[in-house]
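Please view the structure alongside the text.

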Amino acid sequence: MLKRTVLNQLEAVLFDMDGLLVDTEPLWFETEGEVMARLGGPWTKEDQEALLGGSMDNTVGYLLARATEPALPAEVARWMTDGMLKRAAEGRVVVRPGARELLAEVAAAGVPCALVTGSQRPFTEAVLASTGFRFPVTVTGDDVTRTKPDPEPYLLAAKLLSADPEKCVALEDSPNGVRSATGAGCRVIAVPSLLPIQPAPGRLVAQSLTEISLTTLLSLVP
């Protein structure tokens with residue numbers, strides 16, 4: 001067992017949700033396409049990639065910029081939320097390989113952790129209910145004034161855990177998420193989903209969460 005003094009070097013582990021712990025990106029693509037059809041426009045893989053790791057406000061603005069039919073931003077946001085909640089209720093939230101094992105290892109070691117997601121709270125809670133994941137701290141897009149790629153979400157999560165961001169490891173799948181965590185001062189493990197992410201100082205890139213263990217997390221903390 002790792003000594004407590006070694007574990008103390010790692011003050012918290014901060015997990016993204018969509019695309020990292022759960023494979024919800026296909027559900028977002030479906031929902032965005034469904035909403036875009038109501039707005040009278042096409043939807044492509046490139047459009048999806050442009051929104052990866054972003055906020056609901058950014059998604060709504062992007063959709064409306066391509067719309068040919070009028071709609072209010074609040075209406076479009078409701079369509080998006082309702083579509084994602086419907087898909088979650090259908091049992092379509094898939095846990096990514098290695099997610100449960102890594103969460104269990106972190107919990108067993110007693111290392112504090114948080115969920116840091118750009119998704120709105122209703123969908124986040126639906127995912128947690130569907131997967132059974134539990135976090136002492138959950139930061140959603142509803143909890144911040146500036147979402148990823150701004151560092152505010154990760155700074156808030158570290159604050160709520162009374163952790164130094166520089167002694168936290170954040171796990172992300174998108175460039176926007178990586179920028180957010182890096183800007184907050186966290187060490188980062190990137191597991192790219194749709195867009196490539198390059199290694200960098202303080203950043204490890206892995207192909208799957210199955211490659212990550214508590215030892216991996218500890219190796220990134222100075």
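Helices (H or I, at least four residues) and strands (E, at least two) are DSSP runs, numbered from the N terminus. In these terms, Ser162 sits in the loop between H8 and S4. The model is predicted: local features need pLDDT of at least 70, side-chain atom pairs count only at pLDDT 80 or more, and totals for chains, interfaces and linings use all residues. Residues are numbered from 1 along each chain as its sequence is written, and side-chain values use heavy atoms, with hydrogens and water left out.

**Overall form**

- The protein chain contains 10 helices and six strands.
- Its radius of gyration is 17 Å, close to the 17 Å that the globule rule gives for 222 residues, so the chain is as compact as a globular protein of that length. The radius is taken over C-alpha atoms, and the globule rule is 2.2 Å times the number of residues to the power 0.38.
- Along the principal axes, the C-alpha atoms of the protein chain fill a box of roughly 60 × 30 × 30 Å.
- Of the 222 residues in the protein chain, 51% are buried. Buried means under 20% relative accessible area, exposed over 50%, and partly exposed in between (1.4 Å probe, protein chains only).
- Among contacts (heavy atoms within 4.5 Å) between residues at least 6 apart in sequence, 63% join residues at least 24 apart.

**The sheet**

- Six strands make an open sheet with parallel pairing, in the order S3-S2-S1-S4-S5-S6. Two strands pair if DSSP finds at least two bridges between them.
- The edge strands, each pairing on one side only, are S3 (137–139) and S6 (203–205).
- From one strand to the next, the twist averages 20°. Axes are lines fitted to C-alpha atoms, for helices over the stretch in contact, and angles run from 0 to 180 degrees between N-to-C directions.
- Helix H6 (residues 99–108) packs on the sheet and touches S1 (12–15), S2 (113–116) and S4; the direction of H6 makes about 155° with that of S1.
- S1 pairs with S4 in the parallel sense over four bridges, while three bridges join S1 to S2, also in parallel.
- Phe15 stands opposite Leu171 in S4, and its bridge partner in S2 is Leu115.
- S4 (residues 168–172) pairs with S5 (residues 187–190) in the parallel sense over four bridges; here Val169 stands opposite Arg187.
- In a regular strand the side chains alternate between the two faces of the sheet. Both faces of S1 are covered: Ala12 and Leu14 on one side, and Val13 and Phe15 on the other, are all buried.

**Nonpolar cores**

- A nonpolar core is a set of buried Ala, Val, Leu, Ile, Met, Phe, Trp, Tyr and Cys residues joined through side-chain atoms within 4.5 Å.
- The largest core has 50 residues, and those with the most contacts inside it are Leu10, Val13, Phe15, Leu21, Phe135, Leu171 and Leu217. Helix H5 (residues 73–89) gives the largest share of this core, five residues.
- A second, separate core of 21 residues includes Tyr154, Ala157, Ala158 and Val178.
- Apart from neighbours within four places in sequence, Leu10 is in contact with Val111, Lys167, Val169, Leu214, Leu217, Leu218 and Val221.

**Helices H8 and H10**

- In H8 (residues 152–160), the buried residues are Glu152, Pro153, Tyr154, Ala157 and Ala158. They pack against S1, S2, S3, S4 and helix H9 (175–184).
- Thr216 is in helix H10 (residues 214–219) and counts as buried at 15% relative accessibility.
- Leaving aside neighbours within four places in sequence, Thr216 is in contact with Ile189, Leu204 and Glu211.

**Loop features**

- The peptide bond from Lys148 to Pro149 is cis, with omega near 15°. Pro149 lies in the loop between S3 and H8.
- Ser162, which follows H8, has a positive phi of about 55° although it is not a glycine.
- Ser162 is exposed, with a relative accessible area of 69%.
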